[in-house]
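This report describes how two chains are built and where their parts touch. The structure comes first, and the description follows.

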Amino acid sequence: MKSNLLRGAAVALCLGASAYAALAQDAGDTVKIGVVAAESGAFVSAGHTLPAGVGLAVKQINDAGGINVGGKNYKLEMVKRDDRTDIATAIAATQELVRDEKVAAIFGSESHDFTLAMAKITQPAKIMHFAGNSTLGKVLTPDAVKAGGENHYLFQSEPQEFQRSGSTARGVLSLLEPLLGAKPKKSVLVVGNDATGQFLSSFYITALKAEGQEVPDIIFYPPETTDFSPFLTKAKSFDPDVIHFWYNGDSTLTALPQALELGAAKSYFLFGVDPGIWKERGLTADVPVAMSCVPVCWGASSNPNSKTYFDAYFAAGAPHGVTSSVSLLYHDYVHFLAKAWEKAGSFDPDKTVDALMSMKYSGVVSDSLAFNETHQVTHATEVCAAAPGGEITCSMQQPPEKAPE
Amino acid sequence: MDILLQQILNGLSIASVITLIAVGVTLIFGLTGIINFAHGEFLMVGSIVTWLAVSNGLPFPVALILGVLAVALMGFVLERAIFRFTLERPTNGFIVSLGLIVVLQHIVILFWNANQKSIPRPLTTVWEVGGVRIASVRVMVILMTIAVVAMTYVMITRSRYGRALRASVEDRDTAALMGIPVRRYITGVFVLGSALAGLGGGLLIALFPITPFTGGTMVMKGFAVALIGGLGNLTGAVAAGLILGIVEGFSAGYGFSEWTDAYSFGLMILVLLFRPHGLFGGTSGPKMA
């Protein structure tokens with residue numbers, strides 16, 4: 001009887017051990033990638049594009065057989081968390097992904113402030129962290145990104161703001177000039193009064209002045225504004241050639257019809273509004289309207305890769321959004337990271353950083369994506385313009401080499 | 001001069017939507033004591049129903065009526081199922097309404113996503129008079145607001161129902177002893193206030209695109225107007241709506257534009273400090289024995 005019990009216990013132990021080994025093997029063959037983004041709350045319009053872009057890249061990689069690292073095949077798994085547009089939730093989600101889910105990399109957030117807070121968790125834990133914010137320059141210094149530096153594993157997957165503002169301002173003015181019949185001379189900015197709006201508009205106003213624009217005023221509006229008529233009436237009093245709506249696409253789409261009714265300017269620029277939304281909503285204007293995407297448009301594009309990408313993106317269930325293109329600030333970098341892991345032959349974060357810094361990746365946005373010495377990318381921004389008749393023209397605008405004085 | 005006139009017109013337009021919300025708030029809060037901070041989400045639901053109806057090919061006036069009816073029905077169900085149990089403890093009702101904000105927003109996101117929704121403008125004509133541009137759709141909203149507020153005013157101040165309501169506010173128990181069906185009247189006021197939110201939502205989406213989060217700011221301004229005018233005081237709500245609209249229009253045009261909301265709420269704080277019952281005097285909510 002006793003020997004039977006012992007034999008049974010031994011068999012149970014063996015079965016348990018083999019089951020554990022099988023589970024461990026399963027876990028070992030999957031690499032988790034975390035996403036922290038606003039899937040609810042005020043930033044949801046851009047936020048929901050993050051898991052959509054990362055999820056599509058993960059599916060594409062897995063469908064192609066996964067990644068081969070050190071002679072072994074791995075599948076990727078996306079683990080997403082909704083930060084509810086709340087920084088405390090973003091921090092808690094990041095802690096959970098790092099400590100409990102053991103993710104190898106984190107993508108997000110769409111907000112500069114959230115990313116900085118998240119990096120305080122990801123960087124000491126040596127987690128690869130990619131964020132599509134244009135404004136991480138202050139923390140991505142040469143000292144901070146060097147081996148052993150406090151942000152060695154943090155990467156900015158959107159061009160620096162002076163680059164984006166510079167290429168946008170140049171593109172907008174060059175596309176509007178033939179439609180207006182003369183070079184625009186006077187611009188007024190209408191900007192959401194939050195931290196991002198204040199920060200970004202300081203770059204854009206410099207870029208406009210570098211292009212020879214007179215900018216008599218910058219009009220800030222409270223972020224939740226729906227009735228823009230008083231702000232636009234003020235803008236109209238300057239008799240501007242162009243009113244530039246900067247930077248929230250949803251607010252811009254609310255403001256534009258009101259601006260057209262008031263006849264506030266001779267032309268308009270809508271930052272972060274895709275021509276696809278312009279067409280879908282059947283928008284029209286009796287004056288030229290420029291639009292820009294971050295970084296490539298889905299509704300009309302001069303980028304040959306755009307259509308293939310967005311066909312797959314929307315087929316995967318993502319809605320047609322004002323800022324669907326933001327997904328590209330993440331999608332390409334999942335592929336880039338996967339290639340870096342393959343090149344490094346390891347998931348070791350230090351080897352992965354070395355591999356990323358030594359590579360170029362041919363993505364949707366650019367065929368030579370690369371990080372500079374401070375872990376920031378450089379690529380063009382797409383700007384489009386709708387003529388009063390409805391015809392839309394787009395062009396990719398390269399960024400300036402240096403920040404204007 | 002034309003810019004000044006344009007800003008006055010802008011102020012009137014801003015005032016009309018805020019007034020519509022404030023009238024709903026002032027009726028519900030002032031006459032029933034229910035502090036429904038989800039009133040903004042009621043407005044948002046009105047916008048969504050109007051958007052759905054227009055998207056499915058219905059003409060705007062029909063869509064607007066559907067929006068009003070849907071939100072009135074929602075108000076009836078929520079009052080019967082939830083708020084009536086909180087009448088003796090208004091703080092509970094307040095907390096419940098905060099929960100409702102999140103629930104209603106997420107139901108809308110679940111079925112229709114969080115993206116902006118808009119409808120084609122039901123009226124597109126823009127008149128130009130002496131350099132001032134007047135959009136016909138804004139005139140429509142102003143006129144409808146005037147008509148609805150006037151009808152509500154007559155009903156509350158002149159009708160038998162209105163007198164009974166005001167008696168209930170003075171003393172619920174005595175009113176009940178006199179044969180006034182107080183609970184039924186409370187439901188009626190809640191449904192009327194909800195219907196006004198639905199109307200506000202339908203008119204709002206005729207003017208501007210909306211999102212599931214549109215209600216938040218609107219209800220804050222609605223409460224500010226209701227408090228400035230005096231809770232339960234319709235004349236006060238209309239006057240305060242006008243004051244706030246003009247203040248917003250002029251502060252955006254001639255002051256520090258980014259402080260527009262701060263001016264409105266600063267005004268509310270000042271009024272409440274010096275006239276705690278609002279500029280026109282209010283009910284302070286119903287009195288209970």
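Two residues count as in contact if their C-beta atoms, placed from the backbone, lie within 7 Å. The model described here is predicted.

**Chain B**

Among contacts in chain B between residues at least 6 apart in sequence, those that join residues at least 24 apart make up 79%. The secondary structure of chain B consists of eleven helices and two strands. Along the sequence these follow the pattern α-α-α-α-β-β-α-α-α-α-α-α-α. Chain B has a radius of gyration of 19 Å, close to the 19 Å given by the globule rule for 289 residues, so chain B is as compact as a globular protein of that length. Taken along the principal axes, the box filled by its C-alpha atoms is roughly 60 × 45 × 35 Å. Of the 289 residues in chain B, 53% are buried.

One helix of chain B can be described in more detail. Helix H8 of chain B covers residues 182-207, which is 26 residues. From its first C-alpha to its last, H8(B) reaches 37 Å, close to the 38 Å expected at 1.5 Å a residue. H8(B) is mostly covered, with 22 of its 26 residues buried.

**Domains of chain A**

The domain assignment divides chain A into domain 1 (29-159 + 306-357) and domain 2 (162-303 + 381-397). Taken over C-alpha atoms, the centres of domain 1 of chain A and domain 2 of chain A are 30 Å apart. The contact between these domains takes 16 residues from domain 1 of chain A and 22 residues from domain 2 of chain A. On the side of domain 1 of chain A that touches domain 2 of chain A, helix H5 (112-122) and helix H12 (306-315) of chain A each supply at least two residues. The largest share of that side, three residues, comes from H12(A).

**Contact between the chains**

The contact between chain A and chain B takes 29 residues from chain A and 30 residues from chain B. On the side of chain A that touches chain B, the elements that give two or more residues are helix H2 (44-47), strand S8 (218-221), helix H9 (229-236) and helix H10 (249-262) of chain A.

| Side | Nonpolar | Polar | Charged |
|---|---|---|---|
| Domain 1 of chain A, touching domain 2 of chain A | five residues | nine residues | two residues |

Key: Residues numbered from 1 in each chain as written. Chains lettered and ligands numbered in written order. Predicted model: local features only at pLDDT ≥ 70, side-chain atom pairs only at ≥ 80, totals over all residues. Helix = DSSP H or I, 4+ residues; strand = E, 2+ residues; numbered from the N terminus. Domains from an automatic or database assignment. Nonpolar A, V, L, I, M, F, W, Y, C, P; charged D, E, K, R; others polar. Expected span 1.5 Å × (residues − 1). Buried ≥ 20, exposed ≤ 12 C-beta atoms within 10 Å, placed from the backbone. Rg over C-alpha atoms; globule rule 2.2 N^0.38 Å.
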